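Try each task yourself before you read its solution.

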Amino acid sequence: MITYRNYEDKDWQAICQIHDRARPDELKGSCDPRGFIPIEQDKEVEDLKRSKKFVACDGETVVGFVGVDEDYLAWLYVDPPHYGKGIGRELLRIGIREIGAGAWTIVLDGNKSAIKLYESEGFKEVGRFNGENNGYPVTCIKMKRLPK
């Protein structure tokens, strides 16, 4: 059974490992795979540390996490063996509840499964911009949760 709880400092290694296992899937179709680097070597690690985080656990094992930074849903990753089990959806809902109205996120253009998930929870594309991932070009989509 999957349970959800507030992040604790002891979860740090687990969420870093989940990020590093799931990130290549996020980059597929969006960015040159050479743009991947482990989160602890990425400048964005400070953003992850700063965000308010919640984790999904299978027993005692952390299998996913969400991180919010004010109204920005900044992080949402599920360990690949646990894809398709509704964990990402529940973590997204936890993030939305934490943020409240006005939640927004950035999704890579080629990340079709993430786009579909966000759209199914009321997010709409509100803009696109060119970005970079560790020196490799990427198209980013800004999505915002609009009132129903």
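Two residues are in contact when they have heavy atoms within 4.5 Å of each other. Keep in mind that this is a predicted model.

**Exercise 1. A histidine and its neighbours**

Task: Find H82 and work out which residues H82 touches, not counting residues up to four places away in sequence.

Solution: 
- Step 1. Start with the location: H82 sits in the loop between β4 and α3.
- Step 2. Apply the contact cut-off of 4.5 Å. Leaving out residues up to four places away in sequence, H82 touches D58, V63 and I87.
- Step 3. Look for a polar partner. The side chains of H82 and K85 are joined by a polar contact of 3.3 Å.
- Step 4. Decide whether H82 is buried or exposed. Its relative accessible area is 13%, so H82 is buried.

**Exercise 2. The largest core**

Task: Describe the largest nonpolar core, and say which element gives the largest share of this core.

Solution: 
- Step 1. The core has 23 residues, and those touching the most other members are L73, L76, L91, L92, Y118, F123 and M143.
- Step 2. Two or more residues each come from β2 (52-58), β3 (61-69), β4 (72-78), α3 (87-99), α4 (112-120) and β7 (136-145).
- Step 3. Of these, α3 gives the largest share, with 6 residues.
- Step 4. Zoom in on Y118. Not counting residues up to four places away in sequence, Y118 touches L73, L76, L92, T105, V107, F123 and M143.
- Step 5. Now look for another core. A second, separate one has 15 residues, including Y7, I15, I39 and V62.

**Exercise 3. Rings and charges**

Task: How many aromatic pairs does the structure hold? Classify the pair formed by Y72 and W104.

Solution: 
- Step 1. The count is 4 aromatic pairs.
- Step 2. For Y72 and W104, the ring centres are 4.3 Å apart and the planes meet at 25°. Planes under 30 degrees apart count as stacked, so this pair is stacked.
- Step 3. Trace the chain between them: Y72 is in strand β4 and W104 in strand β5 (residues 104-108), so the pair links distant parts of the chain, 32 residues apart.
- Step 4. Check the surroundings. Y72 is partly exposed, at 22% relative accessibility, while K142 lies over the face of W104, at 4.6 Å from the ring centre.
- Step 5. Look elsewhere too: ring pairs link F65, W75 and Y77 into a cluster, and K53 lies over the face of Y7.

**Exercise 4. Cysteines**

Solution: 
- Step 1. Recall that a disulfide is a covalent bond between the sulfur atoms of two cysteines.
- Step 2. The closest cysteine sulfur to that of C140 belongs to C31, 9.2 Å away, which is too far for a bond.
- Step 3. Searching the whole structure gives 0 disulfides.
- Step 4. Both cysteines examined here are buried, C57 at 2% relative accessibility and C140 at 7%.

**Exercise 5. Positive phi**

Task: What is the phi of E70, and where does E70 lie?

Solution: 
- Step 1. Phi of E70 is near 60°, a positive value in a residue other than glycine.
- Step 2. E70 lies in the loop between β3 and β4, and at 71% relative accessibility E70 is exposed.

Notes
Residues are numbered from 1 along each chain as its sequence is written. This is a predicted model: local features need pLDDT of at least 70, side-chain atom pairs count only at pLDDT 80 or more; totals for chains, interfaces and linings use all residues. Side-chain values use heavy atoms; hydrogens and water are left out. A nonpolar core is a set of buried Ala, Val, Leu, Ile, Met, Phe, Trp, Tyr and Cys residues joined through side-chain atoms within 4.5 Å. Buried means under 20% relative accessible area, exposed over 50%, partly exposed in between (1.4 Å probe, protein chains only). Helices (H or I, at least four residues) and strands (E, at least two) are DSSP runs, numbered from the N terminus. Rings of Phe, Tyr and Trp (its six-membered ring) pair if their centres lie within 6.5 Å; planes under 30 degrees apart count as stacked, over 60 as edge-to-face and the rest as tilted. A charge sits over a ring if NZ of Lys or CZ of Arg is within 6 Å of the ring centre and within 35 degrees of the ring normal. A disulfide is a pair of cysteine sulfur atoms within 2.5 Å. A polar contact is a pair of N or O atoms within 3.5 Å; within protein, one must be able to donate a hydrogen and the other to accept it, and residues adjacent in sequence count only if both atoms are side-chain atoms.
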